[in-house]
Amino acid sequence: MNEELNALRDQIDHVDKQLVDLLAQRLKLVAGVGEVKSRYGIPVYAPDREAAMLASRRAEAEASGIPADLIEDVLRRVMRESYSSENDSGFKCVKPDLRRIVVVGGKGQLGRLFVQMFRLSGYQVEILEKDDWARADTLLADASVVLVAVPIDISCQIIDQLNNLPADCLLVDITSIKQKPLQHMLAAHAGPVLGLHPMFGPDVASLAKQVIVCCDGRGADQYQWLLEQMQIWGARLQSVTAKEHDDAMSFIQALRHFTTYAYGYHLFEEKADIKCLLALSSPIYRLELAMVGRLFAQDPVLYADIILSSEQNLQLIRRYHQRMGDAIQRLEKGDKQAFISHFQEVSAYFGEYAQQFLKESKQLLAQASDRRHHD
């Protein structure tokens, strides 16, 4: 038996080596694609090309008796690596005649990412930190862009100090709230103004498929080049009003971060054995626990600032708390049918999204299960 298994395993190892060689060959080709895209200003992410390629490979896989989902999973992981490697070629500079870009807070985590992306695109970038204000006038005097990348709690204070910029300078912020910073930017500067919110963390390897929310302030024709530049980086731009943004962020960020914090706090107070929970967890619970642990591995100041950034957030959390109490009361009554009826009402609200999310979550759970290691 061992001889038979070893012989087959040797063949599998040989095939795996061929796969490694093919992947190395593919990445070399991707590097060439990145170089061409860089020269011609073609966006890193081409959704139509990606969809067509995946459809073709799925059909070929099925014709060969291979599960289509298998080849798509493999290719999506390979493409993620490919998008990252395309950064090495740099990006076409949309506005080569631009004067300097100054990133206020450019040594912070997200600020550093934008500094890197601008420099990869051939722009002259300067960084202005809190210890640099003695030379701020010199740095800002001929700036074409000033991008504010500072913590939420001081963003408006910093913006208020930027009241002597060149008339044609584009003032931008990347704060996770938009109404107040936009109001302060419009008051401080008479030139073009744009509010951005990158919906990703500073640890992303590529901006391909990453969402950047855009909120118009003033002078859309004067910042159109920046939108084009971010699209070349691969970002997906979503334009909304500042109010629409802040309303959505109350759910997407403030409420979600609070509920994650509250669950972690509850585990702490209950003295739950995390090692035991992991050993006994289903894939979906492991993912949920991972998201809780991820929160507590990061900067508490950031999450406090996000949650406390508006009274609107606190009101939404209070309503959530009230509805949690209502749900508990239904359970305490022991009325199973009432629970089922309410469940069905919420299910109808989600509609077709429920099935979409079910499909997406199955893929995530399969990936989480693949990575699970049992001693």
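These legends describe close-up views of a predicted model.

Residues are numbered from 1 along each chain as its sequence is written, and side-chain values use heavy atoms, without hydrogens or water. Because the model is predicted, local features need pLDDT of at least 70 and side-chain atom pairs count only at pLDDT 80 or more, while totals for chains, interfaces and linings use all residues.

**View 1. The protein chain as a whole.** The chain has 15 helices and seven strands. Helices (H or I, at least four residues) and strands (E, at least two) are DSSP runs, numbered from the N terminus. The C-alpha trace spans about 80 × 65 × 35 Å along its principal axes. Of the 375 residues, 36% count as buried. Buried means under 20% relative accessible area, exposed over 50%, and partly exposed in between (1.4 Å probe, protein chains only).

**View 2. The second largest pocket.** Its volume is about 290 Å³. A pocket is an open set of points on a 1 Å grid over the protein atoms alone, where a 1.4 Å probe fits, with protein on both sides within 12 Å along at least five of seven lines. Points are joined across faces, edges and corners, and the volume is the space filled by probe spheres set on them. The pocket has 14 lining residues, meaning residues with an atom within 4 Å of a point. R26, V30, K37, R49 and E86 lie nearest the centre. Helices α1 (2–40), α2 (47–63) and α3 (68–86) each give two or more residues to the lining. The largest share, five residues, comes from α1. By type, the lining has eight nonpolar residues, one polar and five charged. Here Ala, Val, Leu, Ile, Met, Phe, Trp, Tyr, Cys and Pro count as nonpolar, Asp, Glu, Lys and Arg as charged, and the others, Gly among them, as polar.

View 3. The structure holds twelve aromatic pairs. Rings of Phe, Tyr and Trp (its six-membered ring) pair if their centres lie within 6.5 Å; planes under 30 degrees apart are stacked, over 60 edge-to-face, and the rest tilted. F118 and W233 pair edge-to-face, at 5.3 Å centre to centre and 75 degrees between the planes. This pair links distant parts of the chain, 115 residues apart. F118 is in helix α4 (residues 109–120), and W233 is in the loop between α8 (220–232) and β7 (236–239). Both residues are buried. F114, F118, Y123, W225 and W233 form one aromatic cluster.

View 4. Y353 and F357 are stacked, 5.9 Å centre to centre with 20 degrees between the planes. They are four residues apart in α15 (residues 352–370), so about one helical turn separates them. Y353 is exposed at 52% relative accessible area. F357 is partly exposed at 38%.

View 5. In α7 (residues 179–188), the buried residues are P181, L182, M185 and A188. They cover an arc of only 135 degrees around the axis, so they lie on the same side of α7. The arc is taken from the directions from the helix axis to the C-beta atoms. Q183 and A187 are exposed on the other side.

**View 6. K271 and the ring of F268.** K271 is in the loop between α9 (242–270) and α10 (274–280). The charged end of K271 sits over the F268 ring, 4.7 Å from its centre. That term requires NZ of Lys or CZ of Arg within 6 Å of the ring centre and within 35 degrees of the ring normal. K271 is exposed, at 60% relative accessible area.
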